[in-house]
Amino acid sequence: MNFLVVITARGGSKGIPKKNIKLLNGKPLIQYSIDIAKKIADKKDICFTTDSDEIIAVAENCGLKIPFKRPAELATDEANSQDVILHGLEVYEKLNNKTYDAIVLLQPTSPFRTLEQVKDCIALYDNSIDMIVSAKQATANPYYNLYEENDGFLKPSKEGNYTRRQDCPEVWEYNGAIYVINSKSLRTQKMKAFNKVKKYIMSEETSIDIDTPLDWKIAEFHLQNSK
């Protein structure tokens, strides 16, 4: 089975300026994903997609060859990740004259995912499903402490006669670390509409996702305390 590894790294970061190339424990953030990608795939099967010349330079310094720059229309706040992945898939299928059965998406904001976890997700995948996605147990539960506003009043997001959280159905939160996506499904459906999705459970620590300055501090704290 042919896999294309895709790493997405847009240049514009509002919460943390130059987040994708900011040093975390002495390494650019993108390098954590690049290092894993190089251990699971040949370099010609790693698609690094960015709109930033500065990020391209750092990625190439990490050992990748970047054959294209992401089009401006796929680098706006309104652009969605599915279109970005599909563009990369099309470019690399033409570039390598091959068809990729699935995409392994590694987002740079998850530096604590492990090589073993990525390999586990790939091993779980087969072409009868739409996606394997990494997840963690959600800290909030729609049956217990999540509410929606209706006519000015808060109502439970999901109705249920639960008085203890531990009695509620388990709910899972995508952590953004690992996706193994069926290429055919990606071409024919919206990812939100996938109905054959299987989870891969990750710990709270390896699920750390860096989006805000506070997330960055949490990542640094984790590194300092895991040494």
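**Entry 1**

I started with aspartate 211, which forms a salt bridge with lysine 19; their closest N and O atoms are 3.8 Å apart. I kept in mind that this is a predicted model. The two partners come from distant parts of the chain, 192 residues apart: aspartate 211 sits in the loop between strand S10 (197-201) and H6, and lysine 19 in the loop between S1 and S2. Aspartate 211 is partly exposed, at 46% relative accessible area, whereas lysine 19 counts as buried at 9%.

**Entry 2: other charged pairs**

I then went to lysine 69 and aspartate 53, whose side chains meet in a salt bridge at 3.3 Å, N to O. Lysine 69 is in the loop between H2 and helix H3 (81-96), aspartate 53 is in helix H2, and 16 residues separate them. Lysine 69 is partly exposed at 43%; aspartate 53, at 52%, counts as exposed because the cut-off for that is over 50%.

My next stop was arginine 187 and glutamate 93, with a salt bridge of 2.5 Å, N to O. Arginine 187 belongs to helix H5 (residues 183-188) and glutamate 93 to helix H3, so this pair ties together parts 94 residues apart in sequence. Here arginine 187 is partly exposed at 43%, and glutamate 93 is buried at 15%. I also noted a network in which salt bridges with shared partners join Lys44, Asp45 and Lys98.

**Entry 3: helix H6**

Which residues of H6 are buried? I found Asp215, Trp216, Ala219 and Leu223. Down the axis of H6 these fall within an arc of 105°, so they line one face of the helix. The face turned away from the buried side carries the exposed residues Leu214, Lys217, Phe221, Gln224 and Asn225. The cover over the buried residues includes strand S2 (23-24) and helix H1 (29-40). I checked the length too: H6 (residues 213-226) has 14 residues and reaches 20 Å from first to last C-alpha, close to the 20 Å expected.

**Entry 4: the nonpolar cores**

I finished with the largest nonpolar core, which has 31 residues; Ile30, Ile34, Phe48, Leu106 and Val180 have the most contacts inside it. Several elements each supply at least two residues, including strand S1 (3-8), helix H4 (115-124) and strand S9 (172-182). H1 gives the most, with four residues. Apart from this core lies another of 17 residues, among them Ile85, Leu89, Val133 and Tyr179. Looking around leucine 106, I found contacts that include Val5, Ile7, Ile36, Val118 and Ala177.

Conventions:
Residues numbered from 1 in each chain as written. Predicted model: local features only at pLDDT ≥ 70, side-chain atom pairs only at ≥ 80, totals over all residues. Heavy atoms only, no water. Expected span 1.5 Å × (residues − 1). Buried < 20%, exposed > 50% of the residue type's maximum accessible area, 1.4 Å probe, protein only. Arc of directions from axis to C-beta. Contact = heavy atoms within 4.5 Å. Core = buried A, V, L, I, M, F, W, Y, C linked by side-chain atoms within 4.5 Å. Salt bridge = Lys/Arg side-chain N within 4 Å of Asp/Glu carboxyl O. Lists of a residue's contacts leave out its neighbours within four places in sequence.
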